[in-house]
Amino acid sequence: MKALLKLYPRSWRQRYGREMEVLLEQIPGEIGVGLDLVLGAAAAYAMVVRSNRFLRASGAFLHGVCVAVLLQAIAFVTFILFAQRSATSTSVDLGTLRFAAFLRPNFFRLQEQLLVQLSHLDWLPSATILIALAAALALVLVAPRLLRTVR
Amino acid sequence: MRRVSGLVSVLLLSLLAIAIAEACLAALLLLFSFILNLRLGIELGAAGVLGGRSNAHQPDEVMLFNAAIVASVLFTTVCGLAAATLGFRRSRPAR
């Protein structure tokens, strides 16, 4: 159980490490204690990150990158959702630049497919993924605020 | 010298973070095309990658071209930098 103390930041171990070792010698080594130690290490690192301006900016950078990835995934699924309802091939263009295209190779088979899609609610998987992504984005956006309130 | 090496480290770590984010995005898109029964084609320079589920009854294909890849990298970088700038300004020490 003492090995878990190595998960803590060095500054924390220098200040409280010895006291914590003595405390851990007195209590039985259970899974709950181990879990507490791991959570405590995460909280200690969060404190270190909050107190350092550059680390905080790095955390914000990673947060922004996560939001960007989720937004792009949402854009991709939305594009598919709209393209699937269209009778022909769909593309996203800006002038001569082509970004994405949804290709339907056979127009005659397409008519059949479209009827089957309408009757079998084929849009449901796309819509479900879209809702899940929107929920994930909302969670990622409110996560910093939630963490601040937990503190 | 120390400051320069620090800046280079920050730059390399940022590039690594963006590369990992783009790889995660590609994996997500591949997963979605698999779930949605589509074939996903990604153009990378002169080459291309094709993935997803191949289905004879529904051979729909989504293609992402070079412009989309470049726009994606730029968008991810700009979002990250904007968030970092905001975070840096908010944590300015009080005078």
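Q: Which residues of α2(A) meet α3(A)?
A: Val48(A), Val49(A), Arg50(A) and Ser51(A) in α2(A) touch Arg53(A), Leu55(A) and Arg56(A) in α3(A). Contact means heavy atoms within 4.5 Å. Helices here are DSSP runs (H or I, at least four residues), strands too (E, at least two), numbered from the N terminus.

Q: What kinds of residues are in that contact of α2(A) with α3(A)?
A: Three nonpolar, one polar and three charged. Ala, Val, Leu, Ile, Met, Phe, Trp, Tyr, Cys and Pro count as nonpolar; Asp, Glu, Lys and Arg are charged; the others, Gly among them, are polar.

Q: Before we go on, where does the model come from?
A: This is a predicted model: local features need pLDDT of at least 70, side-chain atom pairs count only at pLDDT 80 or more, and totals for chains, interfaces and linings use all residues. Residues are numbered from 1 along each chain as its sequence is written, chains are lettered from A and ligands numbered from 1 in the order written, and side-chain values use heavy atoms, leaving out hydrogens and water.

Q: Now the chains. How many residues of chain A are in contact with chain B?
A: 36 residues of chain A, against 39 of chain B.

Q: Which element of chain A gives the most to that side?
A: α3(A), with 19 residues. The side of chain A that touches chain B divides into 24 nonpolar, six polar and six charged residues.

Q: How many salt bridges cross the interface of chain A and chain B?
A: Zero by the rule, which wants a side-chain nitrogen of Lys or Arg within 4 Å of a carboxyl oxygen of Asp or Glu.

Q: And how many over all chains?
A: Three in the whole structure. One salt bridge joins Glu21(A) and Arg18(A), with their closest N and O atoms 2.6 Å apart.

Q: How are Glu21(A) and Arg18(A) placed in helix α1?
A: They sit three residues apart in α1 (residues 10-26) of chain A, so about one helical turn separates them.
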